[in-house]
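Me: I would like to learn how to read a few structural features. Can we take them one at a time?

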Amino acid sequence: MKVLLSSIYPYAFALLLFIVPFDDYVRAWPNILLIILAVSFPFVVAKKDFLRINRTGIIIIISFLLSMVVVSVLSGNWDENQSIIGKVGIGLGMLLLYLPIYNNDKLKNAIIFSSIAAVIFSCFNILMLIKNTGTFEFGASENPLTTLLIDRLYLGLLSVMSVVISYKSISKKYNPYNRYHLANIIINILFVFLIVARMAILTLIALTLLQFFYSTRNKKIIIITLVATVSVILLAFALNSNLAERFFYITNNNQDQSLIEKVFKREPRTVIWACSNKIVKEEGLMFSGLGFKQARERLVNCYESDIVNPERKEWFLFKRYNTHNQYIDIYLGAGIIALLLFLTFFFWSFIKHRKDYYLMAMLVTFVSFGLIENYFHRQIGAYYFGVLLIFILLDYKSTPEGGKINNEHKS
């Protein structure tokens, strides 16, 4: 029985990650797979598997979770905070469930194939939209957004993760799989430009620049990489007019406005972050926070009082935008101690893995996306945070049988 479960277990975990973006279409399957993994876990895990977890890192992240639990109970905000706390718990649960799996190839492949499936699904819907309407402009209406498999931001996050994994997987020597990883990189980069996923594009540029610090001193390679990156960006702007509108908010009606004026008029986060800053100033230093639901109510009240344009105010009140910044959200919802612990985890991770470009790239990706999104407000965000914990906190020093393997995450 244990042998059978041990052989099935890694595939169940990989399938879970593969179908995460398809949650709206196979809603029951993630929960079914989680149940299967949870029931199987006691039969396939061993005591020595727990030794794989980095003690310092896990203490920090558990302290972060416990700090939110404690302040929620003491402040009477448990009912409104338990959803967010549960999302953090899902991330830790993913780490725990992965302990019996020593070969992370299935994890990497699940993310790569998941991103490709998401690209194919979204592109098919985009083609159907073009066929039915004859147009495709992300800046013009909400219709193109509804064709995407999931939110554009999370599609971008998935694509960046897939690109980073494929980049790491390409070996210097000839390997028949190199061509597939290269194809995956190209497909996902083209896709994020197609859907104009701004943070994904900016993150990919940042990761390209970061690579210069880890690359060989061969100046030719650096120059070729830089020229290729600039060429791709310029070509993308030339071929996709949506890029200019999404990045610089250019429309026929605002050609004479400055970039700052365009941003303040078109970007919802300028209002959201202004209201968040207003609440922070009003409350001063908070040790327990307002509670996540109360923080959102305060934001909605700010939208109602501070937004002058009636149409824009109605839209903000309808959408009830959250902080769109994971760090501000944690501070407003759970207080300064929780925020400091969360930031400490990333700071420790950067110091610990500073010599490993692959892990640094993953960290930069999640830190960047945390600047514009609250991934603990969405189950998909919690799953991908769990993937980050797996990469950052697990050491690959030995196989279950005790033999040595290549420690590709060693820093």
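**Rings, charges and a bent helix**

Reply: We start with a charge over a ring: Lys106 lies over the face of Tyr11, at 4.9 Å from the ring centre. The model is predicted, so local features need pLDDT of at least 70 and side-chain atom pairs pLDDT 80 or more, while totals for chains, interfaces and linings use all residues. Residues are numbered from 1 along each chain as its sequence is written, and side-chain values use heavy atoms, with hydrogens and water left out.

Me: What counts as a charge over a ring? Which residue lies over the face of Tyr102?

Reply: NZ of Lys or CZ of Arg must be within 6 Å of the ring centre and within 35 degrees of the ring normal. Arg52 lies over Tyr102, at 4.1 Å from the ring centre.

Me: How many aromatic pairs does a search of the whole structure find?

Reply: Rings of Phe, Tyr and Trp (its six-membered ring) pair if their centres lie within 6.5 Å; planes under 30 degrees apart are stacked, over 60 edge-to-face, and the rest tilted. The search finds 23 pairs. Take Phe13 and Tyr98: the ring centres are 5.1 Å apart and the planes are at 65°, so the pair is edge-to-face. It links distant parts of the chain, Phe13 in helix H1 (residues 2-19) and Tyr98 in helix H4, 85 residues apart. Helices are DSSP runs (H or I, at least four residues), numbered from the N terminus.

Me: Is Phe13 buried or exposed?

Reply: Buried means under 20% relative accessible area, exposed over 50%, partly exposed in between (1.4 Å probe, protein chains only). Phe13 is at 1%, so it counts as buried. Tyr98 is at 1% and counts as buried.

Me: Why is the pair of Tyr167 and Tyr357 edge-to-face?

Reply: Because the planes are at 70°, with the centres 5.8 Å apart. Tyr167 is in helix H7 (residues 152-169) and Tyr357 in helix H18 (residues 357-370), so the pair ties together parts 190 residues apart in sequence. Tyr167 is partly exposed at 41%. Tyr357 is buried at 15%.

Me: Where is the kink in H4 centred?

Reply: The bend at a residue is the angle between axes fitted to the seven residues ending there and the seven starting there. In H4 the kink is about 25°, centred on Ile84. Ile84 is one of the buried residues of H4.

Me: What does H4 span, first C-alpha to last?

Reply: The expected span is 1.5 Å times one less than the number of residues. H4 (residues 78-98) has 21 residues and reaches 29 Å, close to the 30 Å expected.

Key. Helices (H or I, at least four residues) and strands (E, at least two) are DSSP runs, numbered from the N terminus.
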